[in-house]
Amino acid sequence: MGQKLKITGWIAAGAIAGALTTVSLQTVARGAMAPLPLEELQQLAAVFGMVKTDYVEPVDEKKLISDAIAGMVASLDPHSQYFDKKSFKEFREGTTGRFVGVGIEITQEDGLVKVVSPIEGSPAFRAGLKPNDLITKIDDTAVKGLALNDAVKKMRGEPNTKVSLTIFRKDENRSFPVTITREEIRTQSVRAKVVEPGYAWVRLSQFQDRTVDDFATKITDIYKQEPKLKGLVLDLRNDPGGLLDAAVAVSAAFLPENVTVVSTNGQLADSKFTYKASPEFYQRRGADALAKLPAALKTVPLIVLVNEGSASASEIVAGALQDYKRGTIMGSQTFGKGSVQTVRPLGPDTGLKLTTARYYTPSGKSIQAKGIVPDVMVDDTADGNPFGALRMREADLEKHLASGQGEEKKDEAREKARDEARKLLEAEALKPVADRKPPPEFGSDKDFQLIQALNQFKGKPVIVSKTLVERKEEKKEQ
């Protein structure tokens, strides 16, 4: 195992927006290389020469080659990416939970940058940015058509510098500018509390460097308050992923020692591996943070909350706990980001993030483009999931990787539901601000799904969804 870790470096997994992925900082040679397509390479060289000599104005040769590499890699799937000097630095910063910027989690929608959520306590949070806000301009640059990675670059910078964002807020039907001062963002990936006597809630917003240590500390604190804990809610909603070893560790905290947590499979020999609930598979340095956890954590009744924003590393945890029937999975079907990306350096400051394998749960189910289907489907609110059909999942992404176990059906009913949800959203935007219901904060006393989880623990009736259904699969013809 030690040699394996030496080869593969450090590993992470994440979703589409700002996603952290499997990382290998050592170059792995392919055992056999197919002959190069010389005719196509000659065409590439010819095009490069024509652009250099015939284009209307001089072009930067190095940039032309970098853009060609970036385009080639981007054509593969949504998660493969070429890193230039700056983006490579930012990628590595992302896994530490520390970077300089405005402090928002983002994705793309209709060619614009959409705020998934501002990071609590960040400059964006203090400036009043809200989930679903659309960023239309960054300083003087229009966002429409800008690659998400380029938008991230423009919002990051040096500490104490300013960036101006133009925001379009759908539910208020207005645009307005916000000037934000960049600062070092230190994201807190673990929150926890005793929600009522005998029951606790632990939320993981991302799997980062310090997640396992912070998780162990929070759990220890909970058991000091509630030594006879009767139920624990593990909240993985909107958790986009992060470091794979952190996901293995969190799974190991609840599972019997040495059972399989997740396996990977791809073309390379090093992509075929099984990760188990044992310190050698997740411990990087120092003492095992899980060693201090109370033994009762292995048997405490457990409910895991997930939704469409739960991706990759969080799906690994949910899948392992579900396969071993260690806890009840509640919420809605997860994102379905079950592919492994390996990052290898191309030089001192550049790298290539390439999809090299798929993840599989302990029972052998592929997560890719499928996700985890909850044991109990529960809506976001008491009013249901009125806008749930609009949420993107891996299977909705252009050029997404197939699961390898059949593909999702593209049914007309879902498209109809999306049209209805769009109309409902437009109608909601016309209401006075005072009449609109903001989504409740996770972990609050108005968190509908958390309330249903507590009801499940207590044997009370659980209000299951009347609209959420599993997105089915169909076998492709070979």
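**Entry 1. Terms and source**

I began with pairing: two strands pair if DSSP finds at least two bridges between them. Helices (H or I, at least four residues) and strands (E, at least two) are DSSP runs, numbered from the N terminus. I noted that this is a predicted model, in which local features need pLDDT of at least 70 and side-chain atom pairs count only at pLDDT 80 or more, while totals for chains, interfaces and linings use all residues. Residues are numbered from 1 along each chain as its sequence is written, and side-chain values use heavy atoms, with hydrogens and water left out.

**Entry 2. Strand β20 and its partners**

I looked up which strands pair with β20. Strand β15 (residues 260–266) is joined to β20 by four bridges, and the two run antiparallel. Within this pair, Gly-266 stands opposite Ala-357. Strand β19 (residues 339–345) also runs antiparallel to β20, with seven bridges; here Arg-344 has Leu-352 as its bridge partner. I recorded that β19 and β20 form a hairpin with five residues between them.

**Entry 3. Confidence**

I then checked pLDDT, the predictor's confidence in each residue, from 0 to 100. The protein chain averages 84, and 83% of the residues score at least 70. Over residues 1–32 the pLDDT is below 50, although this stretch has 104 contacts in the model beyond near neighbours in sequence (contact means heavy atoms within 4.5 Å). Residues 474–478 also stay under 50, and the model has seven contacts for them beyond four places in sequence. Where pLDDT is low, the predicted coordinates should not be read in detail.

**Entry 4. The chain as a whole**

I found eleven helices and 23 strands in the protein chain. Of its 478 residues, 48% are buried; buried means under 20% relative accessible area, exposed over 50%, and partly exposed in between (1.4 Å probe, protein chains only). Among contacts with a separation of 6 or more, 71% join residues 24 or more positions apart.

**Entry 5. The six-stranded sheet**

I traced an open sheet of six strands in the order β11-β12-β13-β17-β18-β21, with mixed pairing. Its edge strands are β11 (190–196) and β21 (376–377), each of which pairs on one side only. Inside the sheet, strand β13 (residues 231–235) and strand β17 (residues 302–306) run parallel and are joined by four bridges. Asp-235 stands opposite Leu-305 in β17. Helix α11 (residues 448–458) lies across β11, β12 (199–204), β13, β17 and β18 (328–331), running at about 160° to β17. For that angle, axes are lines fitted to C-alpha atoms, for helices over the stretch in contact, and angles run from 0 to 180 degrees between N-to-C directions.

**Entry 6. Helix α7**

I compared the length of helix α7 (residues 211–225) with expectation: at 1.5 Å a residue, its 15 residues should span 21 Å, and its end C-alpha atoms are 21 Å apart, which agrees. The expected span is 1.5 Å times one less than the number of residues. Buried residues of α7 include Phe-215, Ile-219 and Tyr-223. What covers the buried residues of α7 includes β11, β12, β13 and α8 (244–254).

Lys-370 and Ser-403 are 33 residues apart in sequence and 7.1 Å apart in space, C-alpha to C-alpha.

Lys-298, in the loop between β16 (273–276) and β17, is partly exposed, with a relative accessible area of 35%. Leaving aside neighbours within four places in sequence, the contacts of Lys-298 include Phe-254 and Arg-326.

**Entry 7. Positive phi angles**

Most residues other than glycine have a negative phi, and I looked for departures. Strand β4 (residues 104–109) and strand β5 (residues 112–118) pair in the antiparallel sense over six bridges. They form a hairpin with two residues between them, and Asp-110 in the turn has a positive phi of about 55°. Asp-139, which is not a glycine, also has a positive phi of about 55°; Asp-139 is in the loop between β6 (134–138) and β7 (141–142). Asn-173 has a positive phi of about 50°, lies in the loop between β8 (162–169) and β9 (174–181), and is exposed, with a relative accessible area of 56%.
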